[in-house]
Amino acid sequence: MNSTPSSLMARTASSEQQPTLSLPRVLHFLQTEWRRFELERNEWEIERAEMQAKINLLEGERRGLESVKSDLVKRIKMLEYALRAERVKNAKVAPAAPVPASQAKSTSPSKTPAAATDPNTTIPLLDVPSRPVTTDLNVPTLRTRSSALSLRARGAQTQQSRDLLRAFLREASALSAQLVNDVDAPPELPHAPPQRDSKAPTVEAAADGLGFGDRGPQSVTFESLPADAGPLESTRTVSPSGSLEELVERNESRSGRSTEFASMARRIRRFQSALVPSHESATTTSVRPENGVDDSEADTPASTGTPSSSLFWRPRLQLQHHLDAVRMVEFHPTDPLLASASEDGTVKLWNLPSRARRDVEPYLTLRASAAPLLSVAFDVTGEFLFSGAADALITVWKVTENRLPYSSYDKRIRLTHFDGHTDAVWDLKAHPSEPFLASCSADGTVRLWDTRLKPVPLEAIYQLPDFTAAPTSLAFLVTDPSKLMVSYRDGTLAQFDLATQQPIFTLRTHAHPIYDFGQPLIPPPPATPTYDPSQINRVVTHSVANLVATVHDDRTARFFDPVAGTCIHAMTAHTDAVAAAQFHPNGLVLVTGGHDCSMRVWDVGSRACLQEWPAHRRRRDAGIWSVRCAPDGGGGLVSAGADGVVRVYES
Amino acid sequence: MEQMTAAPPRIPQRKNPGTRYEDLYQSYVTYASPDAIEAPFMYQEYLQQLIRASPADPEALVAVPPNGDPLVWQYEHLRQFCLELTGLVVALHDECSDQSCPEMKANEWQYLCAAHPTPKNCCAFDYIVHTIDGACGLLNNPKFFPSRVSMGTPAVQQFGNIARRLYRVFAHAYFHHRAVFDRYEAASHLYARFVAFILKYDLMDKDTILIKDQ
């Protein structure tokens, strides 16, 4: 066209007055639209990726919750079964547990997806054929829950029932695991002999096997408790969630007990809400060599199969209420209760909360005398509390059930006091099975008292003839409670027979020279009437084996054989005097605390230091005065320091 | 302060197990001022050393030590009062019960126990025990007293509260259990020190000091 571009533009412009299509305009429009579509598509892609990620996360969470829920269901079922068994036993009626065991065996495991919502049936697990034992799920969780549940049932059940329960729980987990591996073994009723509760998962699983007959190739061998405390064979771990759900599914389809649905559902929800955090924390901290994975928490490359590497302590609570140094702490034998005796003249009783809180106050403060309190002990039944003071007063207190802080002070809890000592009472120990209390005092005597509140409680006095040093610490031999180990200020270790009141043997130890790295050997200072560097600060006995450990002021820890009466080993344990020691109830580690303000965990077999951490502040040459492990073998550990703080650790 | 040289280590200053009651503090060295003692417990150690040396001289005990922080000194004194009141509680244990003193009174004044969510009318012995326990808890509370070597303003505001409540323990013992009070005071001189402490650091109003004749 013979038009100038302007006229062309004018014409196109004029033509654009109406919405007509022209090529550039159409092209422009298509381009913008295309760009817009691309943008939107990118946005959709991003959103889709986000959604996908969220879905995966939720899926993972749901799986975790499912496994937790199945755990809890299992526990509940075990408890119910045990309760029924107890009732049956008491009523002496033929067992009424419905036994669709044959059905359980016969139906093939259905591989339904793990979408079981509420398995509200009870599994009569005793009659399901018991297959070889394999290790169970997260044992720390097992332990915390079993201990929590056992506390609820405390009023109704005795110690043996608790042991029975634990055996059932272990078996339940074993049964859930066994669905994966298919080895047959003749079924047997697991009878749980009274046995010490221990932390190691292999010990648990193995002790379970005491009720099982012959087992398959992957069984755990376990000799009877007192004879051997060596490392145990490890067993395989099995992922529990899928298998248990299948088991539950099968049973659910078979038997329905609608009456218990609602209560079960409620309990499951409660447990779930309370225990999901602990479950998650337990999964992060539990290290089991059988896994072969996640040794991030293990401190030393201990040989596989020794579960001691699975104990790793972290601080949990700091209890600050005392006004002066805390000399001794004690755990209650059954309840989550702590007693701390301090030089400010008070014994404070603490309720240990189940989860870490910032300010924990003692629920009760006991005041017996104005003199510093040096020792505290619980009775073996947990009914009584004994406190020993620097002015020779041993007071007997009643442990009440009412444990609310700032409640009305009931004066009747101060029951009586044991007269007899004439000088500071440095250690109190309750007999592990009989109602006796042993006390040692700076007047040189060890006295045994009968705690049944008789008119004359003094039973016996133990004294080494022609001896002037004062006893510092006591320990009953767990393997033979008729023998008492006593340690003295001049480094003597004596063993007394409780009945004959005669010393069986005495061992004299001498102070080692002090070795600082890079320095010449420093000879120990000579002994004076008020200070002896070979002083044994604490003697502790092993929970299972014939082993006695002492910790000394010359920085060493020594191991003795109480039967042969010889020293097995001596090692430098800390960089300053060691004052606190305790064997862990599982028998695998020794925990020590020293005046260098460090806590150390030693492996009993190899005497290697497994873990070390600083604790407490030093106050005038004193650091840590007392260390205790929780008697139920759980991960509880408590240390009492000269700074007046009681620290609680968990593993 | 540690004096670790190549010479044989000195005798450690702590109450080792097995020590006799009269020898408990024998290994303790006397320091001239809190600076010589290692932190963070230097004020507490110095105060306890002074009390062991001269328990019956209240003015010397409440005077601020050389180069000392008066606020921390007051804090340590309050801790020490809570500690030593254990003796008075033990002495009152048999005398004061909810039959003899069903309410916390001191010579016509009646007090409600503040250790509960709502102030409660505890009996006298309960009030005493709760007050001392509550004071221990407060003095150990890291929110108010996070440090042993320096005091912040929320801390200082609590001194008056604690002193006032502890005074009521003395007042009740004086007015209602006079024999016990006199016996305890003769042995420990605690009340004399407490009054000197309050007056010196101005923690209570003069008219709230109920015990007039001294």
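Arg620(A) counts as buried, because its relative accessibility is 6% and the cut-off for buried is under 20%. This residue sits in the loop between β25 (609–614) and β26 (624–629) of chain A. Keep in mind as you explore that this is a predicted model.

**Two residues with a positive phi**
- Arg620(A) is not a glycine, yet its phi is positive, at about 50 degrees.
- Asn107(B) is not a glycine either, and its phi is positive at about 55 degrees.
- You can find Asn107(B) in chain B, in the loop between β1 (105–106) and β2 (109–110).

**A hairpin in chain A**
- Strand β14 of chain A covers residues 471–476, and six of its six residues are buried.
- Its partner is strand β15 (residues 483–488) of chain A; the two run antiparallel and are joined by five bridges.
- One pair to look for is Phe476(A) with its bridge partner Leu484(A) in β15(A).
- Together, β14(A) and β15(A) make a hairpin, with six residues between them.

**Chain B as a whole**
- Chain B has seven helices and two strands, and along the sequence they follow the pattern α-α-α-β-β-α-α-α-α.
- Of the 214 residues in chain B, 56% are buried.
- Take the contacts in chain B between residues at least 6 apart in sequence: 62% of them join residues at least 24 apart.
- The accessible surface of chain B is about 9300 Å², and carbon and sulfur atoms account for 53% of it.

Methods:
Residues numbered from 1 in each chain as written. Chains lettered and ligands numbered in written order. Predicted model: local features only at pLDDT ≥ 70, side-chain atom pairs only at ≥ 80, totals over all residues. Heavy atoms only, no water. Helix = DSSP H or I, 4+ residues; strand = E, 2+ residues; numbered from the N terminus. Buried < 20%, exposed > 50% of the residue type's maximum accessible area, 1.4 Å probe, protein only. Contact = heavy atoms within 4.5 Å. Areas by Shrake-Rupley, 256 points an atom, 1.4 Å probe, with all protein chains shown as cover. Pairing = 2+ DSSP bridges.
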